[in-house]
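Reader: I have a model open and a few things to ask about it. Can we go through them one at a time?

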Amino acid sequence: MKPGTHFYVEVNPRLPRRLVRLQELSENLWYSWDRSTRTLFARLHPGLWDAVGHNPKAFLKRVDEERLIEAAEDHIFVGSYNRVLSAFDTYMSEPLSRDSGVEMREGELIAYFCAEFGFHEGFPIYSGGLGILAGDHCKAASDLRLPFIAVGLLYRQGYFFQRIDNDGHQIATYTDSDFDDLPIYPAQRDDGSEVHVSIEMANRTVIAKVWEARIGHVKQYLLDTDLPENSTEDRDITHQLYGGDRRTRIQQEIVLGVGGVRALQEMGIQPSAYHINEGHAAFLVLERVRRKVKQGLPFHAALEVVAANTVFTTHTPVPAGHDHFSEEMIWEYFGRCCTDIGMPRDEFMRMGGAVHGQEFNMTKLALNGSRHHNGVSRIHGSVSSQICADMWPEISPDESPMDYITNGVHVASFLAQEWVDLFDNKLGYEWRRRLCDVDFWRKIENIPDHHFWAVHQALKTQMLHTLRHRVTQQHLRNHGSEAHLERMLKHANALDPNTLIIGFARRFATYKRAALLFENMDWMRQIIGDANRPVLFIFAGKAHPADRPGQDLIRRIHEISRSPEFEGKLLLVEGYDLGLSRRLVSGCDVWLNNPIYPLEASGTSGMKAAMNGIINLSVTDGWWDEGYDGTNGWAIKPAPGYFDEARRNREDSQSLYELLQDQVIPMYYRRNELGFSPDWVRMAKRSIASLLPRFNSIRMVTEYVDKFYLPASRSWQRYADNDYAGARTLADWKGKVRQAWDGVSIRRLDEPVRRIGYGQAMEFKVALNLNGLGAGGCSRRIDHGPGFETGTGQGTQGRALQSQARPGNRAPVCLGSGPGTLWSIAVPYTGVSAQRTADPSIRNRPDALVVSLLTRGRGWVPGGLQDERIIESSVGAGALFPTVILAHRRADHATHGRFVGKGVQGALHGVP
């Protein structure tokens with residue numbers, strides 16, 4: 001007899017009427033930062049809660065219905081349930097407090113595009129820092145009640161789950177998500193039909209379904225191509241986060257950028273500002289321009305109106321990290337788009353910097369298609385200016401329009417509940433509304449030291465329980481002995497959490513230098529060899545499956561942890577995710593970060609640690625360069641950049657060893673009669689008080705609103721009014737300047753003066769030939785420097801001395817020094833005048849000016865004037881046009897120039 005056919009049916013429990021809103025709680029990612037909600041689910045069945053990866057929706061499909069019925073009759077559980085519902089309803093209905101400083105008009109809306117979002121470990125559509133930052137951005141937007149939506153991709157396979165075998169090899173395991181288990185549902189039109197969009201993909205059309213997720217008040221739209229109407233190849237486009245080859249990457253980015261814009265259009269959503277978070281979504285610029293051209297706008301006017309309300313944030317500190325594609329691949333996918341917008345192929349390719357054999361660069365496309373750009377820390381803003389210097393070749397990088405907003409983290413997501421309870425008790429409930437008030441957070445110092453230390457030790461104990469459980473599973477799965485396990489966990493003792501624990505948890509990439517600690521093994525043996533002052537190092541993190549050097553780092557640390565001298569003093573923990581991260585950033589004593597300077601764009605794990613009273617020991621790169629004040633942690637001053645790699649590592653590791661040996665370890669073990677170090681507690685308090693109010697996501701998003709979102713939204717309105725008259729006028733003006741620019745020239749008429757006496761007046765006379773551009777209402781500026789301040793002997797940066805434009809000015813012209821040029825007289829500006837000239841040496845042109853600037857000296861500086869100048873064209877107050885620098889260069893009497901953008905509202909980016 002043949003066996004019958006097996007059919008599998010999943011039987012899901014029904015929620016008792018009394019607990020029916022558990023379903024609603026499971027479908028809003030508010031639970032990702034509300035611990036009481038997650039605790040509510042965990043209480044129903046702790047084992048199942050862990051088994052489903054802390055995913056409430058998956059949990060409710062699998063929990064025993066009898067357990068739900070029992071819970072509905074449990075007055076204690078129902079009481080907790082009602083309190084959670086009350087908090088949720090209050091959050092969702094409470095209006096934004098007007099003291100937040102955020103004011104957006106009716107109809108204004110921000111659309112935030114990113115390739116990954118990290119909200120919670122139970123929603124695996126993130127890989128690391130970029131996604132977690134994007135998740136925190138959305139959470140803060142919800143807290144601020146911003147008109148804000150997010151757009152991304154819905155992956156069947158998020159980032160891999162990591163295992164580490166007995167030889168230290170990383171084993172990457174991918175699993176497909178069941179979309180029924182995720183807090184999403186199909187996006188719908190007003191008539192109830194599902195939203196699908198069509199996307200041209202080379203010689204075919206791909207269909208993408210749009211899903212919706214809720215993050216508090218924020219809606220997120222996720223595109224998915226795994227549909228029956230698509231081919232197998234096209235169904236795989238959104239299958240795996242950052243999966244496949246370069247062709248898969250460009251297809252994912254087309255779905256995100258082009259498909260994302262079409263999805264919003266299909267749902268009738270009209271953002272007033274678009275935020276491209278990293279270059280993956282930059283194709284949205286081309287789709288938006290194409291749509292404007294189809295409405296009748298010329299290409300250059302369409303680009304102006306699109307760029308006016310586009311914000312671009314770059315997170316990558318190295319040129320190789322920016323996405324780029326061959327010209328042939330771009331033409332294969334966008335040749336039709338180029339035809340639609342009426343652009344020559346060469347001009348289209350220049351949008352992505354694909355000239356002289358270079359590949360199409362997504363960062364350059366984003367820069368050309370935006371008028372608001374930023375890095376994610378002060379140092380990273382400067383680094384990004386250098387990386388993108390060829391976008392503005394006629395000005396120095398420090399004058400480029402690349403701004404910065406330092407990252408922040410979502411306090412409610414990463415501040416441990418024990419700290420929340422202590423702050424409620426000692427600071428009052430108002431601390432939640434005073435997250436950015438530095439003065440308020442000084443009250444931390446008034447918390448009794450023993451209360452503060454008790455909270456830290458409780459969190460450390462919880463972390464040690466988690467570590468012991470994970471390491472035990474890892475060790476026994478790899479067939480290790482129980483006797484050896486005890487040796488490994490000797491200092492990870494949850495019953496005696498008095499060993500100094502130093503944590504290092506982040507992606508294993510070579511520039512992060514996970515193994516710097518082991519540069520000098522003899523010195524490290526000294527540091528860990530004192531039995532009276534034990535130290536335990538915790539390492540966790542993943543290496544990209546294609547990153548062999550990163551995986552080699554994991555193997556090396558694994559080998560060191562197995563050596564007899566480091567056994568029990570170094571633990572390598574597998575499976576790093578948001579859940580483990582929350583434990584580590586609240587339970588360690590010290591947070592270690594030692595990247596190669598200046599390759600840490602920002603870093604956020606140290607911010608999470610700091611707000612939990614963990615003290616940072618870090619290279620002064622990224623955010624820590626701004627956060628460190630000498631009292632709130634320890635700083636590793638990076639070796640000079642001109643050192644070779646070996647010498648740089650020796651220098652930085654020496655600084656690290658000296659700090660550990662001379663300051664960190666002695667301070668931790670300098671304990672009083674109550675068993676803790678008062679100096680340590682003082683520094684930990686200072687860490688919270690000085691860093692939490694400055695590096696949280698509320699401050700970050702508020703800065704984005706003030707610096708970018710509001711200006712972008714208002715620019716959009718001005719450019720779009722009267723059938724885009726402003727954009728048309730600006731595009732026409734730029735076209736006129738392009739044609740005339742090669743004929744613009746400038747030269748000095750008076751003889752250069754090399755010395756003046758203190759207080760002596762001096763006059764400069766310069767003739768300008770504007771080649772028909774017009775000189776009415778010019779303003780003048782003279783830049784001096786680098787020079788010397790009187791009486792100091794210190795070198796100074798060049799500075800601008802500029803007059804005010806006269807009433808009615810439309811396009812004032814300013815004089816200044818160009819890159820590499822010295823007007824080497826360090827004098828303050830005292831007066832300016834301009835007059836028409838009939839000097840035959842400038843051909844008596846009607847648009848020529850002689851500009852005189854009267855200066856008064858404060859000291860003598862050697863050097864003279866070089867034959868290179870800048871003409872800067874800016875716009876009077878209230879004008880529609882953005883600021884634009886016209887950089888003009890003269891060398892060997894041959895005049896040539898380029899347009900270069902400057903200013904927050906726009907420019908002629910790299911257009912010859």
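Author: A definition to begin with: the bend at a residue is the angle between axes fitted to the seven residues ending there and the seven starting there. Helices (H or I, at least four residues) are DSSP runs, numbered from the N terminus. This is a predicted model, where local features need pLDDT of at least 70 and side-chain atom pairs count only at pLDDT 80 or more, while totals for chains, interfaces and linings use all residues. Residues are numbered from 1 along each chain as its sequence is written, and side-chain values use heavy atoms, with hydrogens and water left out.

Reader: Fine. Where does helix 27 bend, and by about how much?

Author: At Asn-722, by about 120°.

Reader: What does helix 27 span between its end C-alpha atoms?

Author: Only 46 Å, for residues 697-740. A straight helix of 44 residues would span 64 Å; the expected span is 1.5 Å times one less than the number of residues.

Reader: Which residue caps the N-terminal end of helix 27?

Author: Asn-696 does, with a side-chain oxygen 3.0 Å from the backbone nitrogen of Ile-698.

Reader: Switching to rings. How many aromatic pairs are found in the whole structure?

Author: The search finds 36. Rings of Phe, Tyr and Trp (its six-membered ring) pair if their centres lie within 6.5 Å; planes under 30 degrees apart count as stacked, over 60 as edge-to-face and the rest as tilted.

Reader: Why is the pair of Phe-117 and Phe-119 stacked?

Author: Because their planes are at 10°, with the ring centres 5.9 Å apart. Both Phe-117 and Phe-119 are buried, where buried means under 20% relative accessible area, exposed over 50% and partly exposed in between (1.4 Å probe, protein chains only).

Reader: And Phe-440 with Trp-441, how do they pair?

Author: Edge-to-face, at 5.9 Å centre to centre and 85° between the planes. Phe-440 is buried at 3% relative accessibility, and Trp-441 is buried at 0%. Ring pairs also link these two with Trp-419, Phe-423, Trp-431 and Phe-452 in a cluster.

Reader: Last one, Asn-12. What do its side-chain atoms contact?

Author: The side chain of Asn-12 makes a polar contact of 2.9 Å with that of Glu-10. A polar contact is a pair of N or O atoms within 3.5 Å; within protein, one must be able to donate a hydrogen and the other to accept it, and residues adjacent in sequence count only if both atoms are side-chain atoms. A polar atom of the Asn-12 side chain also lies 3.1 Å from the backbone oxygen of Lys-61.

Note on methods: Helix = DSSP H or I, 4+ residues; strand = E, 2+ residues; numbered from the N terminus.
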